Amino acid sequence: KIDCDFLKNRGPNFSKNVIKNSIFFNATTLWQQGSEMSNQPLTTNDTVLLFNGDLFMDEIEENQSDTDFLFRLINNANDESEFLDIFKLIKGPFSIICYFMSKLYIARDSLGRNSLIIGKKNGMLFFTSVLQARDSIEAIELPPLGVYSIDLITREMELFPFEAITHDHTIQQLQSLHKIQTV
């Protein structure tokens, strides 16, 4: 059993769980803007989206939520290349967890303005925007270096970087991430 009750404080207006390909997705919503709430996770047969952020793009209609706009872009992608191209278009602070075409994709904007934590507990890898202070687990902020994908068959993680990775600090971040992933 996965305990997500502590997340309700983060978003008391709505909570929903979805299981897709043995992955447990949980979202809680704090409704702050827009004419109606966009309940997450958003799902189709082949896609699950958790989005935390704000998109600053002229293409978004006045009463459309950023989450719905992004979900439409993702559902129009025909393959991984088109999916990854979406990250070249979107502007604004965000963190994203998305199941698409049998892979899990995780990303933060290049400045890392929205939290996204990766950790391991009881042998399970998890991603979250918050942790309880009493949790004694190994976890780090996901380095905001690009879009990460996890192949659900091989369990391999791949990074599609926003830019070339050359700084020592960036290399250390990737080593910390690898340590969490393989523990």
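Strands here are DSSP runs of E of at least two residues, and helices are runs of H or I of at least four, all numbered from the N terminus. By that scheme, proline 41 falls in the loop between strands β2 (23–29) and β3. The model described is a predicted one.

**Backbone exceptions**

- Most residues other than glycine have a negative phi, and most peptide bonds are trans.
- The peptide bond that leads from glutamine 40 to proline 41 is cis, and its omega is near 0°. Proline 41 belongs to the loop between β2 and β3.
- Methionine 101 is not a glycine, yet its phi is positive, near 50°. Methionine 101 sits in the loop between β5 and β6 (103–108).
- Serine 102 is also not a glycine, and its phi is positive at about 65°. The loop between β5 and β6 holds serine 102.
- Are methionine 101 and serine 102 buried or exposed, or partly exposed? Methionine 101 has a relative accessible area of 44%, and serine 102 has a relative accessibility of 44%. Buried means under 20% and exposed means over 50%, so a value in between counts as partly exposed. Methionine 101 is therefore partly exposed, and serine 102 is partly exposed as well.

**Asparagine 26 in β2**

- Asparagine 26 is placed in strand β2. Asparagine 26 counts as buried because its relative accessible area is 15%, and the cut-off for buried is under 20%.
- The side chain of asparagine 26 makes a polar contact of 2.3 Å with the side chain of asparagine 17.

- How many of the six residues of β6 are buried? Six of the six are, so β6 is largely enclosed by the rest of the structure.
- Lys103, Tyr105 and Ala107 point one way from β6, while Leu104, Ile106 and Arg108 point the other way. The residues on both sides are all buried.
- β6 pairs with β5 in the antiparallel sense, over six bridges. Within this pairing, leucine 104 in β6 is the bridge partner of tyrosine 99.
- β5 and β6 form a hairpin, with two residues between the strands. Methionine 101 is in the turn of this hairpin, where its phi is positive at about 50°.
- β6 is also joined to strand β10 (residues 146–151) by five bridges, and β6 and β10 run antiparallel. The bridge partner of lysine 103 in β10 is aspartate 151.

**Helix α1**

- Which residues of helix α1 (residues 66–76) are buried? They are Asp66, Thr67, Phe69, Leu70, Phe71, Leu73 and Ile74.

**Helix α2**

- At the start of α2, a side-chain oxygen of aspartate 79 comes to within 3.2 Å of the backbone nitrogen of serine 81.
- The residues Phe83, Leu84, Ile86 and Phe87 of α2 are buried. Seen down the axis of α2, its buried residues lie within an arc of 135°, so they line one face of the helix.
- An α-helix has 3.6 residues a turn, so residues three or four places apart point the same way.
- The elements that cover the buried residues of α2 include the helix α1 and the strands β5, β6, β10 and β11 (157–161).

**Aromatic residues**

- There are five aromatic pairs in the structure. One of them is the edge-to-face pair of phenylalanine 83 and phenylalanine 87, with 5.6 Å centre to centre and 65° between the planes.
- Phenylalanine 83 and phenylalanine 87 are about one helical turn apart because they are four residues apart in helix α2. Both phenylalanine 83 and phenylalanine 87 are buried.
- Phenylalanine 83 also forms an aromatic pair with tyrosine 105, tilted at 45° between the planes and 4.4 Å centre to centre. Since phenylalanine 83 lies in helix α2 and tyrosine 105 in strand β6, the pair ties together parts that are 22 residues apart in sequence.
- Tyrosine 105 is buried, as is phenylalanine 83.
- Phe83, Phe87, Phe94, Phe100 and Tyr105 form one aromatic cluster.

Methods
Residues numbered from 1 in each chain as written. Predicted model: local features only at pLDDT ≥ 70, side-chain atom pairs only at ≥ 80, totals over all residues. Heavy atoms only, no water. Buried < 20%, exposed > 50% of the residue type's maximum accessible area, 1.4 Å probe, protein only. Polar contact = N/O pair within 3.5 Å; in protein donor to acceptor, adjacent residues only side chain to side chain. Pairing = 2+ DSSP bridges. Phe/Tyr/Trp six-rings, centres within 6.5 Å; stacked < 30°, edge-to-face > 60°. Arc of directions from axis to C-beta. Contact = heavy atoms within 4.5 Å.
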